[in-house]
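Good morning, and thank you for joining.

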Amino acid sequence: MASKVTERALNLIKSMPRVALNNIKPLPHTSFTKKTDRRGNRKKKGRGDKGQGARGTWDPLGYEGGQNPLIDTSPRERYYAQYAVRRQYPPVSLLELQRLVDLNRLDTSKPIDITSICNTGLFNFDVSKNHFGVNLTDEGCDQFAAKINLEVQWTSELVIAAIEKNGGTITTRYYDPPCLAALYDPLAFFKKGQPIPKCKLPPQDALAYYSDPNFRGYLADPEQILEAREKLAQKYGYKLPDLTGDPVKEMLLMRKDPLQIFYGLEPGWIVNLKDKCVLKPKDEDYLKYYNTSY
Amino acid sequence: MSSNKAYRSATKRRKQRERGCIIGTRRKPTTQCYTGQGLAYSPPVTVTVTGSHLVDHSMGGRGVGNLRHLICSSMPHRSLPTFYPLSPHSCPQVLPFTQLCTQARNAVRSSNVSEVLHRKDVHQLSRSFSALKMKACDPQNNDRLSKCSFHTSPMSLTTPELKEWREHRVIDRFYRLPWGAWIRTQGGRKKGLYKKVPRHRWQLQQHIFCNYHQNKLLDKLVTSKWKEPKYFVDSPYEPYHQRTNSYWQPNRKKFYP
C-alpha cells in the first residue's frame, strides 16, 4: 500500500500537463551566455587601438601598398565582349525532359513548346537577362524514349537525332523578347489586355541558324528538312520511323506561323479572360500590320 | 634625373586620373582630379536607328503551315524598343563619342543595351560634359567629391554604385567561372617573342587561374550581376564552367529516381 505522501505525489504528477518543450528548461550553467554588458569599454567603440581599423582609413580594395596591383598589371582581354548583346539560352537536358514526360508534367498528346516547359514550374528564364529561350542539351540522349512534337530555341545535332529516332519532331524557333515575355506567363499577359504581338524575324547573326534544315530551323525549306532527317538517320545509324501511317501525324506536323506565338491564336487578337471572348481586329491597317513581317 | 622622375610620375598620375582609376594615392585630392567621378551616367538620349540594318532580304523556304509574304521595307528613323538586340556594327557613330570622355565609355560599358547616338546628340553631350566638368570644380560640390574620393575609401563605404563605376577594371581583364574562380591572361605574351624559347611562348599564351585571395578580392570588386551564370552557346569557356575531380566542389548531377 502506497503512503499518503506518495499517493499525493502521484496524483499531482497525473494532473500535471504533458512534458513538452514549453514547460522544461535546461540545467543551469549548461549553455554559455555571452556577456552583453558593454558598459566597460565605451571609449573605442569596439574598434581597438589606433591604426586603420580605428580610424577607418582602409586602403581601397585591390591596393597592394603602392606596388602595381593585379588589376593593373594583368593584360586586357575581351572576355566579356558583346556580353550585353549576345543571346543566352538557359539549358534543359533531354533527361529532364524525359522525367517531365514520365511524371505527367508534360502532355505528349499536344505540341510542346517553351510555354509548356515553363508551366511545369521547374524551368524559368528571365528576359531582362538576355535569355532568348531554351537550349536543349544532349545529356540523357541514350535514355530518351518519348514521342513528342517539340519546339525549342537552340539545340544540337545529337539531340535532334535522339528525338527523331523515337518518332518525334523538333523545330528551332526564334522569339523576340516581348513575345518571349508573353510566352513565359501567358495568363499574366492576357490579363494586361494587350493585343498578341507578332513575332519579329531573328537578328542577322541568328538568321543562318534558323534557316538551316540541319538544325530544323522554322525558316528552312520543309523539303530540305525531310532530306536532312534521312541523312541524320544514316549518320547516327538508326532507322527513321515512317510518319505517314501514324495516328498522331497531325499533331506531330503542327507548326506555328513565323509571326504566330500561341497555338490557335493569331497576332493582333486580344484575349478577354473576364468576358471569356477573343477580340479580333477588323481594320485593314491593323490586319495588314499584324499579317506582314518587316 | 630627379626632374625626369618627377615628370614621369606626374604624367603617370595624370593618365591615371584620365582613366578615372586611381587607387591608394597618398596625396590629398585636388579639385581638378575628379572629372571621372559621379558623372558616369550620361543624360538620357533618344535612340534612333535607321532601318537598313534590319532584315532586308527575301526568304527562301518556309515552314509547314500558312505562309505569308515578307514585305521588306527600309524605314528610316524608326524608334525601336530598348530591349531589341542591336548589332553594334550597324552604327559606327558610337566610336567618336566614346573616345571623347571616360565616363561615356564607362556608361556605355555598364549599360545593358548598347546605346546608339545620332550625330547631333554627340555635340549635345560633349557640351553637357564640359558643363559638368566646370561644375566638378565648383566648391559647392565638395561634399560629393569627398564621398567619391579614391584615396580614402573604406571598405565599409563601398556601395553598389561605386562598384559599378569601378568594376570595368576587373571585367576588362578577368573572366569569372561560375564556381568562383577567375582567370586572366599573362603579361608579356606578345612582347619580345624573338628572344623567347617556344616553350616559354606557349606558357605565356595560357590563361591562368588567380589564387584564393585574388578570387575573393575580385568577387568583392564586382557586383552580383557578374556572378550570375551566363548561358552563352558555343562559348570557348564552357568546358571549364564545371569542376571535375574536385573533392570540395563535386560536380553532382541531379538525381532522378
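A surface patch, as I use the word, is built from residues with over 30% relative accessible area and no salt bridge, and nonpolar side chains are joined within 5 Å. Please keep in mind that this is a predicted model.

With that definition, Val19(A), Leu21(A) and Ile24(A) make a nonpolar surface patch of about 370 Å². Val19(A) lies in the loop of chain A between α1 (4-15) and α2 (51-55). Its relative accessibility is 67%, so Val19(A) counts as exposed.

Let me turn to the aromatic residues. Over all chains, the search of the whole structure returns 20 aromatic pairs. One of these involves Phe123(A) and Phe125(A): the ring centres are 6.3 Å apart and the planes stand at 45 degrees, so the pair is tilted. Phe123(A) and Phe125(A) are both buried.

A further tilted pair is formed by Phe190(A) and Phe262(A), at 5.3 Å centre to centre with 50 degrees between the planes. This pair links distant parts of the chain, its two residues being 72 residues apart. Phe190(A) belongs to helix α8 (residues 186-192) of chain A, whereas Phe262(A) sits in the loop between α11 (249-252) and β6 (270-272) of chain A. Phe190(A) is buried, as is Phe262(A).

Ring pairs also build a cluster in chain A, which comprises Tyr89(A), Phe132(A), Trp154(A), Tyr174(A), Tyr209(A), Tyr210(A), Phe215(A) and Tyr218(A).

I come now to chain B. Its secondary structure amounts to nine helices and three strands, and along the sequence these follow the pattern α-α-α-α-α-α-α-β-β-α-β-α. Of the 257 residues in chain B, 35% are buried. The accessible surface of this chain is about 17,200 Å², with 55% of that belonging to carbon and sulfur atoms. Among contacts in chain B between residues at least 6 apart in sequence, 69% join residues at least 24 apart.

Is Arg176(B) buried or exposed? With a relative accessibility of 12%, Arg176(B) counts as buried, because the cut-off for buried is under 20%. Arg176(B) is part of strand β1 (residues 174-176) of chain B. Its side chain makes a polar contact of 2.9 Å with the side chain of Asp219(B). Leaving aside residues up to four places away in sequence, Arg176(B) touches Tyr80(A) as well as Ala181(B), Trp182(B), Asp219(B), Trp226(B) and Lys227(B).

Thank you; I welcome your comments.

Key: Residues are numbered from 1 along each chain as its sequence is written. Chains are lettered from A and ligands numbered from 1 in the order in which they are written. This is a predicted model: local features need pLDDT of at least 70, side-chain atom pairs count only at pLDDT 80 or more; totals for chains, interfaces and linings use all residues. Side-chain values use heavy atoms; hydrogens and water are left out. Helices (H or I, at least four residues) and strands (E, at least two) are DSSP runs, numbered from the N terminus. Buried means under 20% relative accessible area, exposed over 50%, partly exposed in between (1.4 Å probe, protein chains only). A polar contact is a pair of N or O atoms within 3.5 Å; within protein, one must be able to donate a hydrogen and the other to accept it, and residues adjacent in sequence count only if both atoms are side-chain atoms. Contact means heavy atoms within 4.5 Å. Patches are made of residues with over 30% relative accessible area and no salt bridge: like charges are joined within 9 Å, nonpolar side chains (Val, Leu, Ile, Met, Phe, Trp, Tyr) within 5 Å. Accessible areas come from the Shrake-Rupley method with a 1.4 Å probe; for residues, only the protein chains shown count as cover. A salt bridge is a side-chain nitrogen of Lys or Arg within 4 Å of a carboxyl oxygen of Asp or Glu. Rings of Phe, Tyr and Trp (its six-membered ring) pair if their centres lie within 6.5 Å; planes under 30 degrees apart count as stacked, over 60 as edge-to-face and the rest as tilted.
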